[in-house]
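Welcome! Here is a short tour for anyone opening this structure for the first time. Have the sequence at hand as you read.

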Amino acid sequence: MKLKSTLIPVMAACTLAGGHISAHESTSTMSLSEDVKITRTQHGVPHIQAKSLFGLGYGNAYAQAQDHACILADGYVRVKGERAKYLGPHKNGQDNFFVSLDLGYKIIDLHGRVEREYTNLSADTRALADGFAAGYNQYLQDVNSGKATLAPACSGQAWVKPISGVDVVASVLASAVQNSIGRLLVQILQANPGTGNEWLPTIAKQESKQSQPWLMASNTNYQPKQLTQGSNGWAMGHEVTENGRGLLLANPHFPFNGNLRFWANHASVEGDFSTMGASVVGVPGIVNIGFNQDLAWTHTYSSARHEVIYQLELNPANPLQYKFDGQWVDIEKQQVNVEVLTPMGVLTMKKDYFTTPIGYVLEDQQNFKWDSKNAYVVRDTNLNNLEGIDHWLAMNRASNLDEFIDTFKTLDGLAFNNTLVADKHGEVFYIDDSNVPDLPAVGEELLRSHPVISEVYKKTRLAVLPGTSSALVYQQEVPYERAPKLRRNDYVLNANNSYWLTNLKEKLRGYSPLYGHVDYKQTRRTRYNLNLMRFARGADGKFDRHELENIVTGTSASFELYKPTVMATCALYAGQTIAVTETLSMPVDPTCKAFAKWDGKFNADSVSAPLAKEFFSLLEDEDLLIQFNSAFPAVTPSIVKAEKSTLVKLLAASKQLENAGFAIDAPLGELQYLQKGERRIPWPGAEHNSGGFNIYSTTNAMDLTSFAPQYAAPMKEVLNENWTISTGLSTDGYPINYGSSWMMVVGFDEHGPQARGLLTYSQSNNPNSPHFTDASDHYAAGKGLIDLPYTDAQIKQNKVSEITLSVKKD
């Protein structure tokens, strides 16, 4: 059993880390030198072949830097809280983007946490991280000597500088907390017992009294949004596969740009392991989603919560004291400094922040106000999670399903993931082993049944509990034994709803409410997943790899089934003009004729698909005849009403398109596109609100890079105050920036893994790379996935380039 303690005080200088000792320890070290080969195959996928983990990290970093040096460099200075030093306080206008994040990262001190614990990390983690740092630094040396180049986004920038293994691990840790405490950084900055702008940072030292001091703008528009990670993941066993072996479908929905971008690669260490798939940029050496000789696995974003907010009861006589276990405890004030580039040069800013042994104090005026009675603190399970690299390495090395499952019993490195795995024999396994607070029983009961606390959690998914007693403050993560899991021979799947419907034949329940709800309405995409699993198996009732590839690259959506009813309703009101709002009436026929042209798909050439997209996004449960029934969760709610109210929303959708400047029967590719440099590539694919599987969106709140692309603002105009435009429609159309990223289908036969995949937005974000648009053009043209060369013979046959690096260890 693994229990990683987060005992109070969580703010102690000593942080805990995984103590995993690998059975493959010999690969963690290396001789004084070795050669690492990087062979690229179709669309620039690199195959890194090394003799040690250090060499693997080195070669992986060099190849990543060829494709993504700017993303890597930006991330390292971001996590250290140094971007404002080079770029100034603001990203756009007076938004305080850089200085806010710098202060936030300084406060939660990810880099410092790793630095203090680095020598205690496993030899494996340090070998990969040190090797990665060495390979990255070598690439920068090659840039300086003219042997390599950087993308325009960071070429010649002072913030592109050498790193250490600490930077590498801290970057991985930053990804682990990005959607928990990482999205609360501004609220932590704003925490202050005062009632005005006392929370604002101030100049630590003013060099000249004659000059006007630069102050942080009072504008606090930078508010990190709830992030929208998503994915579809299927693992199929021998009962439902054509050849009786395992099958896996991986379809993570992640950002197309920025620090959480996927990167396809093949990691191989001689005599140790050989794993192919994709990893988030910055992960050193190992594969996050992929396959080896015996297993294939994927992840989806868990619905679980990884942080708890505790409400403190304050001393009426002292707002810097709170009651805990019957005693008054001090709220501690601490200070951080950041350097900021200003018109007067680089100035040092100081910022007070507040902390308790439970966690960091946070504040916002709407939800968590620090007043005379209460303050709020956040406690995050992932702040000390330094096992991520070890955990994925153990999965890469696993040679059978039992070994793979054992990684969850001994390690707890997966910060926010569900995991689904299929083996070559046709057995499958699911687990939500993301780091979830192990609440005491009384805390779980409050989340389930307290009239206020349970309602807040149900509506907002924020766990807000009293912070008055040690009996309510969690001390560790939920152990493996009490995490949701399922092992079967037919299938397991997840599309970002909770563990409840991993398999319709064996519904799961009885776990901590922090893992998510049961007996609740599933999203349109989850319902489509469940029905595809049941009904898309072909005539033989079994899946094969080709059928899965058609699903993962398909452009259909479940709401296409509503078209006949809508057309029948159009016929009932043909020739009429109906009121859409109090001030707007519209003729039915033009819009209905346009909708009739829609082919039910979301191909780039699908006429009127944008109209369908806008229409489906306006449909609510009240527009459907059958409401949610927990006994039939895969098919309810359903069936659109054949009523005037349905046509009103169809007409409103057409008006929204006209207001944006587009014809109501425009093909999807005229509006939906991927911007690659100066090119605008028409882009196929449905979206979440249409009940799509292979989905895309204009939203990317996860891209925190300094050079994140800027697009036209989505339209805010609505025809009814109760309706919202949730598609991201703007006067530019739908600039895609999020969605299906690494697509992969893996099966097994007597020869081993048989895999196909594609990184939809292409391997490199460097406009000068030959792999900047090649895979994107491939996908946009509807050419499906590509073969993934795995064996030495396959790699040699598909080679497009090759380099050998001479790796020397200091």
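Why does Gly747 count as buried? The relative accessibility of Gly747 is 2%, so this residue falls under the 20% cut-off for buried. Please keep in mind throughout that this is a predicted model.

## Around Gly747

Let us stay with this glycine for a moment. Gly747 is part of strand β31, which covers residues 742-749. Setting aside neighbours within four places in sequence, Gly747 is in contact with Gly246, Leu247 and Arg545, and also with Gly752, Pro753 and Gln754.

Met395 is 352 residues away along the chain, and 18 Å separates the C-alpha atoms of Met395 and Gly747.

## A sheet of ten strands

Next, look for an open sheet made of ten strands, with mixed pairing. Their order is β20-β18-β17-β9-β8-β7-β6-β2-β1-β34. At the edges are β20 (485-488) and β34 (801-808), each of which pairs on one side only. From one strand to the next, the twist averages 15°.

Within this sheet, β8 (residues 289-291) and β9 (residues 295-301) run antiparallel and are joined by two bridges. Here Gly290 has Trp297 of β9 opposite. Helix α1, formed by residues 53-79, packs on the sheet and touches β1 (33-41), β2 (45-50), β6 (262-269), β7 (273-280) and β34. The direction of helix α1 makes about 155° with that of β6.

## A sheet of three strands

There is also an open sheet of three strands, in the order β27-β26-β29, and its pairing is mixed. Its edge strands are β27 and β29 (734-735), each pairing on one side only.

## A buried glutamate

Where does Glu687 lie? You will find Glu687 in the loop between β27 (679-682) and β28 (696-697).

Glu687 is buried but has no salt bridge. Its nearest side chain of opposite charge belongs to Lys613, 5.2 Å away. Not counting residues up to four places away in sequence, Glu687 touches Lys613, Ser617, Gly692, Ile695, Tyr696 and Thr727.

How values were computed: Residues numbered from 1 in each chain as written. Predicted model: local features only at pLDDT ≥ 70, side-chain atom pairs only at ≥ 80, totals over all residues. Heavy atoms only, no water. Helix = DSSP H or I, 4+ residues; strand = E, 2+ residues; numbered from the N terminus. Buried < 20%, exposed > 50% of the residue type's maximum accessible area, 1.4 Å probe, protein only. Lys, Arg positive; Asp, Glu negative; His and termini not counted. Salt bridge = Lys/Arg side-chain N within 4 Å of Asp/Glu carboxyl O. Contact = heavy atoms within 4.5 Å. Pairing = 2+ DSSP bridges. Axes fitted to C-alpha atoms, helices over the stretch in contact; angles between N-to-C directions.
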